Amino acid sequence: MIKTIQKSKLFIIIIVVGVLTSCVPKKEVVYFQNARSFETIVDTDTFEATFKVNDIVSIYVSTFNLEAVRPFNLVKQTGNSGEEIDYLIDLEGNIDYPVLGKIKLLGLTIQEAKELLKEKLSAGYLKDPVINIRILNFRVTIAGAVNRPGVYNVSGERVSILEALGLAGDLTIKGRRDNILVVRDFKGTKTYTRLDITNKEVFNSPVYYLTQNDYVYVEPNNSAISSATGDARLGTIISISTFVITTTLILLTR
């Protein structure tokens, strides 16, 4: 009877050890841990995406006079239909626009670009032009410990880090929430910024809103690293524990 009880205790210990070594602490996975109940934060962020080198831009101009606007909406023939021509921002930050020539868009927001084009087109070419501009290559790359890593196209003019992670199926249980890396390129310079989404201050980060071609990397946590590399210390502990438990069981059965 005593031996049976001792065996049961050892069995329970083994289960507890297994559970403890496989669990990830709550503080490592819960978002916005310092946000209080019913707390209100007013969003004063006025972020707007700006144009970068190698951006592909769609520009469409309209006005009451369809003939007058035709030279500014170039179309290339593809079979029996036409397709609007897009514009690539070159290394100097310019696009080569019909009639007007070189126009510098680098660093401008979409609204600023609209105002610039409207000013140029209104100066002797068109009356009250309406201008639509879109960034066609607005995409972000999400890599690392997320459920669906990949490159994601963004249909709007901005996307937050939380929305982008949502596109990638959220972080896996083994992804670090407190050290997410955002790599950004602007004018040939790369910046590296880290985010902690377990803290509500993430909303104030300068990279909370991503820009086109940002790269987001979710670092694996210690649990994932240990599993992948076969942590030597953990292996030693398990081996010793197994030896002690096995030896104890043998002695108890004698």
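Searching the whole structure turns up one cavity of 30 Å³ or more. A cavity here is a set of points on a 1 Å grid over the protein atoms alone where a 1.4 Å probe fits but cannot get out, and lining residues have an atom within 4 Å of a point. Please keep in mind that this is a predicted model, in which local features need pLDDT of at least 70, side-chain atom pairs count only at pLDDT 80 or more, and totals for chains, interfaces and linings use all residues. Residues are numbered from 1 along each chain as its sequence is written.

The largest cavity holds about 40 Å³ of space, a volume being the space filled by probe spheres set on the grid points. I59, Y60, F72, N73, L74, E84, I85 and Y87 line this cavity. Here is that lining by class:

| Class | Lining residues of the largest cavity |
|---|---|
| nonpolar | six residues |
| polar | one residue |

Now to the fold. The chain has six helices and 14 strands, taken as DSSP runs (helices H or I, at least four residues; strands E, at least two). Strands β8 (residues 139-144) and β9 (residues 150-153) run antiparallel and are joined by four bridges; strands pair if DSSP finds at least two bridges between them. A hairpin of five residues links β8 to β9, and T141 sits opposite V151 in β9.

Across the chain of 254 residues, 30% are buried, meaning under 20% relative accessible area with a 1.4 Å probe, protein chains only.

Terms used. Side-chain values use heavy atoms; hydrogens and water are left out. Buried means under 20% relative accessible area, exposed over 50%, partly exposed in between (1.4 Å probe, protein chains only). On a 1 Å grid over the protein atoms alone, a cavity is a set of points where a 1.4 Å probe fits but cannot get out, and a pocket is an open set with protein on both sides within 12 Å along at least five of seven lines; lining residues have an atom within 4 Å of a point. Ala, Val, Leu, Ile, Met, Phe, Trp, Tyr, Cys and Pro count as nonpolar, Asp, Glu, Lys and Arg as charged, and the others, Gly among them, as polar.
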